[in-house]
Amino acid sequence: MDSPALEARLITKYFNDPVRVQVLREISFSLARGEFASVVGKSGCGKSTLLYILSTMDTTYEGTLLIDNVEMGAKKEAELARVRNEKIGFVFQFHYLLNEFTVLRNVMLPGEKLGKYSGAEIESRAYEKLKILGIEGEALKKPYQLSGGQKQRVAIARALINDPLIIMGDEPTGNLDKKNSEIVFAIFKELAETYHQALLIVTHDQEFAAQTHRIIEMEDGRITNGATAAGIIA
Amino acid sequence: MKMPLLYSVAAALLQARGKQTLVAAIGVTFSITMFITLLSFMSGLNQLLDGLVLNRTPHVRLYNELQPAAEQPVDRYTRGQRQHNFIRSIKPRNELPRIHNSSAILAALRRDPRVRGVAPKTQAQVFYNVGTVTLNGTISGIEAEQENALFAFSDYVVGGNYRSLNTVTNSIILGKGAADLMLVTLGDVIQITTPKGDHVPLKVVGLFQSGLLEIDKVQSYTSLATAQKLLGESNNYVTDLQVKLHDMTLAPRLAKEYAALYEVQALDIQTANSDFETGTFIRTLISYAVGITLLTVAGFGIYNILNMMIYEKMDTIAILKAVGFSGRDVRRLFVMVALSIGLFGGALGLVCGLGLSALISQLPFTPPSLPTVKTYPVVFNPVFYGIAAAFSLITTYLAGFFPARKASQIDPVVIIRGK
């Protein structure tokens, strides 16, 4: 394994509204390529906040964030958008599919934005991703015609379209029943092991976390199981 | 870059809010339609009213007004001596208001490349005799062909043919008002009294109606030769030279030039009709102001609808940003939405404006004072369409810009966490 997919150094974050509260305290860790990590902790411990910082959507923090060995702090908004587009796939608790487009088009959208492949190539890649997730039959439906589990799988396919370095999830199974959760978990595992993509999943589901390669526990804005986190920076 | 992608996303957003989009577009269409119709109609009316004056007014009128001589004999006699003469009650010399050397001036003017045409005129004060009653009258001796070419004379001849002035000797085109008073019609012979007291019979070959009753009661036309005969003057007696120019704006300058060159009085159209230009300007200003107000109101409609769309589509904006669309992309997206409303509504508005103007131009409109006008006057000027198109795009761009900027500043984290 060469450089880590993602590396956080001493990330600290405050919320200033209504009073200044420190939500993250000097968080340092790194995520290797192909590593499937879960972040667990009580509500309000800062895990989602950390995830949004790591995904480059939240830029008001102290510390250093490196994605694919490139420092993110100095980048402009448009450059960060490009990084999100190219290197990060995001799956949210809520599916956030665009009802105006077909399932296929939803999956294609980030690919079209990246513009690396032609339209036809993106379409065939999108079909491929939908096939991995077992929902290629729904490609031409609109998202509101699908079940919750199917929608979440479409959202995962969308996160995969650009073959991102890291896939991040904010409770991606939070709204799913057990059966669908298991399907999603199996897909994630396959992505890490077969396609060698790094996964960082925030979850409440202890059962889900237990099956991942690595569990990062958080409490009060700190990582508490530092000893078990293999890649921590000294 | 990625413009086609943004287009298709914009199109999807528009489709999702189809009805509102349509309402916004109809707003633009309506305002553009009204803008074009209003301007076309107002310009038509302006041209009609301008025509009333401009068609009949020479750009430069050369004449010789009877004035006391600027230099009195006593001044000439005492020149060089240190004295100042006070003379009271100076009277003009007893002479007729003719232009001296008129035929030479006429020839020179006709060679001037800036001049479109010159029509000579001889004015005579006469009395129309109706039994024992006499009516005041003015007879203008004209060259009928020239007068028609330069001043659309035939438009105002409501009975008979203006060319008869040349073919029938001792003929007159009588003012309609005067003819009504005298109970005469085409073919009748009237008696007039010349300034010298002679009685002359003239045959009525036409009736003239300017639309201004006071003029129609007094003014009549005859041929230049007949007028000279009435006055008992030679065939080079001309009181007015009416000059039409290719470029009307040169009139004040040329008036000065001719006055100095030919030693006559020269009056340009701008000086003679200064109040009337003000009227035209104000009317144009009002129609533009109303048109632009309509467009601005339509702009606010678009602004509202886009603002609403942005609130409704917060999730969409957030996810677009999360998957890698930058703030700039989002801003462009909404500006595009606004511009497509403007483009579609505006294009339809141009067509509807043309249609409505065409419809109005077919409506019958027969003012009694304007015998040549049969329908409402409408001007089809491409400039109006250009202004309307440009303005619809500018308004919709501005209406879209601010909501779009707001959309581009939406923080995806806030929205995604809010769920």
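Two residues are in contact if their C-beta atoms, placed from the backbone, lie within 7 Å. Keep that rule in mind for chain B. Of its contacts with a separation of 6 or more, 78% join residues 24 or more positions apart. In chain A the figure for such contacts is 71%.

This is a predicted model, in which local features need pLDDT of at least 70 and side-chain atom pairs count only at pLDDT 80 or more, while totals for chains, interfaces and linings use all residues. Residues are numbered from 1 along each chain as its sequence is written, and chains are lettered from A and ligands numbered from 1 in the order in which they are written. The pLDDT is the predictor's confidence in each residue, from 0 to 100. Chain B averages 85, and 98% of its residues score at least 70. The model as a whole has ipTM 0.83 and pTM 0.69.

Start with chain A. It holds 7 helices and 10 strands. These are DSSP runs numbered from the N terminus: helices are H or I with at least four residues, strands are E with at least two. Strand β1 (residues 6–15) of chain A pairs with strand β2 (residues 21–31) of chain A, antiparallel, over 7 bridges. Strands pair if DSSP finds at least two bridges between them. A hairpin of 5 residues links β1(A) to β2(A). Across the pair, A:Ala8 faces A:Phe29 in β2(A).

Chain B has 17 helices and 10 strands. How much of each chain is buried? A residue is buried if 20 or more other C-beta atoms lie within 10 Å of its own, exposed if 12 or fewer, and partly exposed in between, with C-beta atoms placed from the backbone. For chain B, 39% of 419 residues are buried. For chain A, 47% of 234 residues are.

Now look inside. A nonpolar core is a set of buried Ala, Val, Leu, Ile, Met, Phe, Trp, Tyr and Cys residues joined through C-beta atoms within 7 Å. The largest has 116 residues, and those with the most contacts inside it are A:Leu199, A:Leu200, B:Leu306 and B:Phe334. Helix α15(B) gives the most to this core, with 11 residues. A second, separate core has 50 residues, including B:Ile105 and B:Leu202.

Finally, turn to where the chains meet. Chain B brings 23 residues to the contact and chain A brings 24. On the chain B side, α1 (3–16), α14 (314–322), α15 (327–360) and α17 (412–418) each give two or more residues.
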